[in-house]
Amino acid sequence: MREFHPLVKRWLDGELTADQLGAELAAELAEARALLSGVDHSPVTLGHELDQRVMAAVRSRPARRWQRAWRWIGEAHELRLRVRPWAVVALAAAATLVLMFAPARQSRAPAAVAQAPESVYVKFVLYAPGAHEVSVAGTFNGWDTHATPLARADAPGVWAATLSLPAGQHLYAFVVDGRRWVADPTAPGVDDGFGRRNSVLAVTPRGARVS
Amino acid sequence: MDRLGARAAASDGDVVRAVLAGDAERYAELVQRYRDRYARYAARMLGSPDAAEDAVQDAFIRAYDQLAQCRDPDNFAGWFFLILRNRCFAERRRTKREAVADVSQDELPGPGRADRDAERSETQQLLARGVSELTAEQREVFVLKHVEGKSYDEIAAATGATVASLKMRMHRAYDRLRAYLKERT
C-alpha cells in the first residue's frame, strides 16, 4: 500500500496549505483533494416517530416507589369516614397545606370528583409543559379533537378539564397542539389498530377508575 | 419570560434533574434537543440512516435507564454521545460477525439504498464504501473530523483518546482510503 507523504497528511488534517507542499507533491495533493471531495456532509434526518417510541419506552418503565404513591393519591378511591367536628377543622387545614405545597405531577389519571346516579364528573389532567393547546377526544365526544379543550391549571404545564360522563367504558386520548395524540401515561391502553394507543376509563355510578 | 419560554431555555442539567425527580415527561425535551445532532455521526458509522435511527433510539432509552449515573447533568450531551458511540461500536462488531465472508455489506442492495445512492455523487458513494472498510476506530475519527468538522482536540475530549493516537488512526485511514480509491478508479 502506497502511503501519502506526511506533508500531504498534514494538509488533509488542515495543518498546512497547498502552497507549503511543493510542486513534487502536486499529484498526491490532487489525490488527497479527490478523497476529500467524496466526503458527504449532507444531513441525516431521523423519523418523527423516534421521539414517540423513546417516550413510550420511558413511560413503560416502572415508576419508583414514591411516584407510585403519588399517583395513587390522584386516583379515585372509595373512602368511608366518620366525621367529627374537630376532624373537619383538621382536614380543612391539611387540605389547604396540600394545595399550597403540592408540586405539579407528571400526569394524573382521570379522577371522579362528584357522583350522580347515571353519570359521573371526571377530571382529565395532563402535564404538557410545551403545549399551546390540549384537548381530550374519545368515545364520549365522537373523537372530536375540538369538542373538549383542556384549560391551563394553576400548576405550570398542567392542563385540566372536567366532564360529566355516563356509566360505561370510555376510550380516550389527549390531543396536543391539534396534531399530537398522547395516551394518558397513567391509564391502561389499548391499540387503536392504527399504530397508536388509546386509554381506557371505566365509569360506574359509584365513580371512575382507569384499571 | 413566560412559562413556556422559561421551559424552552431550561439547561440540560435542569431537565435531567427534573426527570430524576420524577417528571419523566420532560425527558422528551432532551430527545428533541439531541435526536438529530448525532444522527449523521451514527449514520456514517453504521452505514445507513435506518441503522442510525435504531442506534439513536436505543441510546436514548439506555440513557434514560442509566440517568442516575450521569455524573454531570449539565454535560448530558457528552455523556449521551458516549452511550451512542458504544452502541455504534457494538453494532459494528455484531454486523461484522454476521457478515458473509468476502462480501461487503455495503455492496449488497438494501431497502432504500438505491434512492439514497441516487442522491450521492459517484465519488461520495465510492468513498462511503471505502470508509465502511476502515476499522471502527479509524472510521470514527474520519467521520468526526471530516464529516462533523471537529478538531483533534474536540474529538479527544469527546472520546477520551489522545490527540497523538487519533492522528495515528487518521493517517492510517488516509492511506487505506487512498489505496481503496486507487483500486477502483
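What percentage of the contacts in chain A between residues at least 6 apart in sequence join residues at least 24 apart? The value is 56%, where two residues are in contact if their C-beta atoms, placed from the backbone, lie within 7 Å. The structure is a predicted model, in which local features need pLDDT of at least 70 and side-chain atom pairs count only at pLDDT 80 or more, whereas totals for chains, interfaces and linings use all residues. Residues are numbered from 1 along each chain as its sequence is written, and chains are lettered from A and ligands numbered from 1 in the order in which they are written.

The model scores ipTM 0.80 and pTM 0.57. For chain B the mean pLDDT, the predictor's confidence in each residue on a scale from 0 to 100, is 84, and 82% of the residues of chain B reach 70 or more. Confidence in chain B is highest in α9(B), at a mean of 95, and lowest in α1(B), at 44. Residues 1–7 of chain B have pLDDT below 50, and this stretch has five contacts in the model beyond near neighbours in sequence. Residues 100–113 of chain B also fall below 50, with eight such contacts. Where pLDDT is low, the predicted coordinates should not be read in detail.

Chain A contains five helices and 10 strands, taken as DSSP runs numbered from the N terminus (helices, H or I, at least four residues; strands, E, at least two). Of its 211 residues, 27% count as buried, a class that requires 20 or more other C-beta atoms within 10 Å of the residue's own, with 12 or fewer defining exposed and the range in between partly exposed; C-beta atoms are placed from the backbone. Glu3(A) lies in the segment before α1 (6–12) of chain A and is classed as partly exposed because it has 15 C-beta neighbours inside 10 Å. The C-alpha atoms of Glu3(A) and Glu28(A) are 9.8 Å apart, at a sequence separation of 25 residues.

Between the chains, 34 residues of chain A are in contact with 39 residues of chain B. On the side of chain B that touches chain A, at least two residues each come from α1 (3–8), α3 (27–34), α4 (39–46), α5 (49–65), α8 (122–132), α9 (136–147) and α11 (163–184) of chain B. The most is given by α5(B), with eight residues. By class, this side of chain B comprises 21 nonpolar, seven polar and 11 charged residues (nonpolar: Ala, Val, Leu, Ile, Met, Phe, Trp, Tyr, Cys and Pro; charged: Asp, Glu, Lys and Arg; polar: the others, Gly among them).

Within chain B, the axes of α8(B) and α11(B) come within 9 Å and cross at roughly 130°; axes are lines fitted to C-alpha atoms, for helices over the stretch in contact, and angles run from 0 to 180 degrees between N-to-C directions. The two helices, α8(B) and α11(B), are therefore oblique to each other, given that angles under 35 degrees count as roughly parallel, over 145 as roughly antiparallel, 65 to 115 as roughly perpendicular and the rest as oblique. Leu126(B), Leu127(B) and Gly130(B) of α8(B) meet Leu177(B), Tyr180(B), Leu181(B) and Arg184(B) of α11(B). This contact involves five nonpolar residues, one polar and one charged.

The axes of α9(B) and α11(B) come within 8 Å and cross at roughly 95°, so α9(B) is roughly perpendicular to α11(B).
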